[in-house]
Amino acid sequence: QPDDRGLIGDVPVLRVTRRGPEAVHFVQAALEPGAEVLLSLDWERRFDHMQQHSGQHLITAITEQMFGFKTTSWELGRQRSVIELDTPSMTAEQIEALERSVNEKIRERVPVTVRELAADDPEIETVRSRGLPDDHAGPVRVVDIEGIDSNMCCGTHVSNLSDLQVIKLLGTEKGKKNKTNLVFLTGNRVLKSIEQSHSTEKALTSLLKNGPGEHVEAVKRLQSSVKVLQKNNLTLLRDIAVLIAQDFKSKAVQSQLFVLHRKEGDSEFMNIIANEIGTEETLLFLTVGDEKEAGLFLLAGPVEAVENLGPRVAELLGGKGAGKRGRFQGKATKMSRRGEVQALLQEFISHQSPEA
């Protein structure tokens, strides 16, 4: 169970841990030895942990009683909790029956009590436990859910199952080594989850212009429409790439350097242009993506030129790339430096010209 938080006087407690029988508090500022202080507990955090922990004890006990599935570990998470069960799987019917049973126990208002036993008390052998820590000191603490469970535990718990309010089992996930992870919420976490789901439902109703029962179908229709649009956009982008290349080739005098940036392009767009233009005589520097931040680049042209310039282009753009046979392409993080790359390429071409 996670540790408590709160204040010692007006100094926040950052962490609490155990060293043998001592509770060690880590605080934000030094405290004056011997000073009288008021301790303030973060009760919302504490009560949440109490609900989840007592809920886990109840679920663990009832799961073993109903199906014989033992709990091998559990995790009290920030948003949801998980119990690892020693079984390869659970059916939907088992989960439904388990949820019904644990909530019946909550409605029966079963008391939860805490008692302490001496470390050598023979009754300890009858209590469910995963063993004591090596550095344990003092009496052994046992948490009893009347008529349901008796478990060795150092955590904080509610005094009655009615304080749990409700338990919601969210289903299972595949665990490790033929184990199953059972995911659950208890008490106020259930209420918060419902509130969040309701807010999402209201937002979707406003966006999709239909009721909650039609949300899934509406999203499926939108997904289908998006796929069609994406396919059409790709076709148009390919056509544009061909036209750009043809326009360049139609010019009476072709430049030795061709530079182009298109925000909505992709790797295929750049390669189509390079294929259509050909790279025997022309050096091509093509980029797609955000004009100032991240994107993709392609340098194509004579093999020697590309081998020489490719790594330098990638370095200028703050990216990485690789290439072969007259093409060097990769990802860039500093697309705002495209002008510097163009200047580098222009300088290279000027030094290669016969006049130079």
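Predicted model: local features only at pLDDT ≥ 70, side-chain atom pairs only at ≥ 80, totals over all residues.
Residues are numbered from 1 along each chain as its sequence is written, and side-chain values use heavy atoms, with hydrogens and water left out.

Let's start with the sheet. It is open, has four strands in the order S5-S6-S11-S10, and its pairing is antiparallel. Strands here are DSSP runs of E with at least two residues, helices are runs of H or I with at least four, and both are numbered from the N terminus. Two strands count as paired if DSSP finds at least two bridges between them. At the edges sit S5 (71-76) and S10 (167-174), each pairing on one side only. Neighbouring strands are turned by 20 degrees against each other on average, direction ignored; axes are lines fitted to C-alpha atoms (for helices, over the stretch in contact), and angles between N-to-C directions run from 0 to 180 degrees.

Now go across it strand by strand. A hairpin takes you from S5 to S6 through four residues, and the two strands pair antiparallel over five bridges. Trp 74 has Ile 83 in S6 as its bridge partner. On to the next pair: S6 and S11 also run antiparallel, over five bridges, with Leu 85 partnered by Thr 180 in S11. Finally, seven bridges join S10 to S11 (residues 180-186), again antiparallel, and Gly 171 stands opposite Val 183 in S11.

Five of its five residues are buried, so S6 is largely enclosed by the rest of the structure. Buried means under 20% relative accessible area, exposed means over 50%, and partly exposed is in between (1.4 Å probe, protein chains only). Ser 81, Ile 83 and Leu 85 point one way from the strand, while Val 82 and Glu 84 point the other way.

H1 (residues 43-67) packs on it, touching S5, S6 (81-85), S10 and S11, with its direction at about 135 degrees to that of S11; contact means heavy atoms within 4.5 Å. H3 (residues 188-208) lies across S5, S6, S10 and S11, running at about 85 degrees to S11.

Next, the nonpolar cores, which are sets of buried Ala, Val, Leu, Ile, Met, Phe, Trp, Tyr and Cys residues joined through side-chain atoms within 4.5 Å. The largest has 27 residues, and Leu 58, Ile 59 and Leu 98 are among those touching the most other members. H1, S6, H2 (92-107), S8 (140-145), S10 and S11 each give two or more residues to this core, and the largest share, six residues, comes from H1. Leu 98 touches Ile 59, Leu 169 and Leu 182, among others, not counting residues up to four places away in sequence. A second, separate core of 20 residues includes Val 306 and Leu 344.

What about the cysteines? The whole structure has zero disulfides, a disulfide being a pair of cysteine sulfur atoms within 2.5 Å. For Cys 153, the nearest cysteine sulfur is that of Cys 154, 5.5 Å away. Cys 153 is buried, at 12% relative accessible area, whereas Cys 154 is exposed, at 75%.
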